[in-house]
Amino acid sequence: MLVPVFSMKLSHKIHARMVSIGKYDGKHPCLTAATTASKVFIHNPHKRLNLTGGRMEVAQSSSDINLLNINQQVSAVCCGSLDDSERDLLFIGTPTNLLAYDVENNSDLFYQEMADGVNSLLVGTIGNNSTPLVLAGGNCSIQGFNHEGNDEFWTVTGDNVSSMGLVDFNSDGFLELLVGSEDFDIRVFKDDEIIAEMTETEAVTSLKCLYGSRFGYALANGTVGVYDRSARYWRIKSKNQAIAIHSFDLDDDGVPELVTGWSNGKVDARSDRTGEVVFKENLSSAVAGVLDADYRMDGKQQLVVCSVEGEVRGFVPAVAENRQPVVDLTAEQEKVRELAQRKQNLLLELNNYQGNNRVAQDIASGESSTHIQGSIPANTQLQTSLQVVSGDGSAPAFVELTVQTINDTIVKSVIIFAEGIFDGESHVTHPQSHELSNCVRIPIYPPRDIPIDLHIKALVGHKNSQQFHVFELTRQLPRFSLYQLCPEGYAQPRSYVQFDVNERVNRVVLWAQQNFLLSNEIGAKNGELDLKFLSARTQLPLQITMTTGGTVVIRSEDMDLVGDVVQNLASFLALEELITLAEFPEHMEELKAILIKVDELHSVCGRLTAEMADHSNLIRSLVVRAEDSRLMADMSNMKRSYIELFDLNRDLISGYKIRSTNHEELLKCLKIVNQTIVRAGNLRVGKAKTSVISNCRNAIKTNDVDALLKIIKHGTLTVS
């Protein structure tokens, strides 16, 4: 469905996921990528760029390539326009800075210090704000800058941002921001409010809008799939890693396919509806990026694929008259293959039925032994149960799944398909011959508090059977499965969140029954509810109480757990707005200490930067002095100058190591601060949640620690 139209070999190795194409003069597309030598190259075969007085220089290997020397590790590259002109700008992210570069004029547009670093870049408009922004995702935060470099957007996420995309998620005509992070979540932001969350099984490495509300995603474990809003259409998993995904219309039907570039050099395109492969190609090395542009300037969009070794290939859709017979033949072959497979399955099924029938007749006439018996009693049923088993320090806690028949038939094998809890997609249990019975127990280790669907297939028969019946059933592991009802006599947690709801206690009881593994019936006493749980993972208590007046109090020292409970309960009760009072003294003391440490690290960073600047100025003067001494043949002064230069260089290297360590420590502290803000937001719902995050941001900007703590506790600075 695609035919190659150009191929070239660039003399620069390319960093994976750091490739973009921009029209820096508004007309000619230029391939731009980060190299392994801390540089960014711009390939422009159409015209020569202005190289007067700026950062760019012509590469020695080719006059078509210009280089930007960044002198730092490049972590993200993106192109786009921030004004009404058609000229794109180049945006380069590093662990400490964001550079907006005007390639056409060979000059910096703005340069921003990024305390949270830059992991991902995206250019576009969010919501009903018509001003384009460059969005930089970093250390649990996202910042957006306009054409003048002003900070116009800020929000926080649960973990480091690994990918971003724009999609009209709710079909309202405005684009929402998709954010993938290292905590396996895909979050959807409408302005700065989260309107949807989807939990995956690994870190989300790529997001790409296909059309409408449909978008593709890729995970670090080799999974690629498509969502339409919050519903997943399909997914596939490979042993290779998906480096880049892109949308491109291969067959000119107006619907783009999902194109994926893999770590083994393979490029494939899949139908957005079914995930069926419709195109395959192979490069000699790992794919670095997949893009599309009219790179040949012939009026046709090409699919441009780049490899990490600098190989670039361009493809265009095949013309209709050449493509149609191939498509028809492929569809006909696929139909024949499906029918042949169905015929084979039916023949095998018929053969089994005939064999079982012969065995039954032989048994009735007394001519057969039971060693080949395949039939089981007609009333055979398969039952499942779940039970929490606490950890003992040496072994982690787990949920025990029991699969059991109601008679003397044995369970030969059990296969469980589930996402995110096994080393792979499935788990198979084969009891030893001497252990065969009508009951199999399987430990399951949920990594987080998320609901998990267990798709169970069990082989049931007799001990000497050669043929077995397959029972299939689905059982859901509740969200808070690793929490047990515990007796009285434990210390009540000091930390809590409190709020009022206009709901009956029985509704909260129903929520608890659906989200916890309860061995005993629970209910309200005297119209009030008091549930006491103990975490099987941490042995920390969780208490949920509700009065007849609708006051709910959730107590736990784990702020993340309380936030999860609040969000889950609010979703079950369909609450659009929830204002809470939060009291977490230990977390607040830790936050105070972290903020003091952040101030100290900032001051140390400023002092180190000033010292490095002084040393740089002194180095310049020493170089001039040493050169003057050389020209005057004053070898003793020249030697003295170079000895001082050597000592200064050693001091600079030592200062840089200290500054680097200081920056890493600062990143850790800022991550804790941002995650605390996320947790504080998760204790509320709706506008109250958005308000907490924005107010916390303002308090941090003004360095008002007391205001920050008050906002986390009450949700606002004004307490009624």
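Predicted model: local features only at pLDDT ≥ 70, side-chain atom pairs only at ≥ 80, totals over all residues.
1. The protein is divided into four parts: domain 1 spans 6-322, domain 2 spans 384-477, domain 3 spans 483-575 and domain 4 spans 585-714.

2. Helix α2 covers residues 505-515, and helix α3 covers residues 559-572. The crossing of α2 past α3 is right-handed.

3. On the α2 side, this contact is made by Arg507, Leu510, Trp511, Gln514 and Asn515; on the α3 side, by Val565, Asn568, Leu569 and Phe572. By type, five of the residues in the contact are nonpolar, three are polar and one is charged.

4. Which residues of α2 are buried? They are Val505, Val508, Val509, Trp511, Ala512 and Asn515. Viewed down the helix axis, the buried residues fall within an arc of 160°, so they line one face of α2. The packing partners of these buried residues are β39 (529-535), β40 (541-546) and α3.

5. Helix α3 also packs with helix α5, which runs over residues 635-682. The two axes come within 8 Å and cross at roughly 35°. Here α3 passes α5 in a left-handed crossing.

6. From α3, the residues Met559, Asp560, Gly563, Val566 and Gln567 meet Thr676, Arg679, Ala680, Gly681 and Asn682 of α5. The residues of this contact comprise three nonpolar, five polar and two charged.

Conventions
Residues numbered from 1 in each chain as written. Heavy atoms only, no water. Domains from an automatic or database assignment. Axes fitted to C-alpha atoms, helices over the stretch in contact; angles between N-to-C directions. Helix = DSSP H or I, 4+ residues; strand = E, 2+ residues; numbered from the N terminus. Left-handed = near helix turned anticlockwise from the far one by under 90°. Contact = heavy atoms within 4.5 Å. Nonpolar A, V, L, I, M, F, W, Y, C, P; charged D, E, K, R; others polar. Buried < 20%, exposed > 50% of the residue type's maximum accessible area, 1.4 Å probe, protein only. Arc of directions from axis to C-beta.
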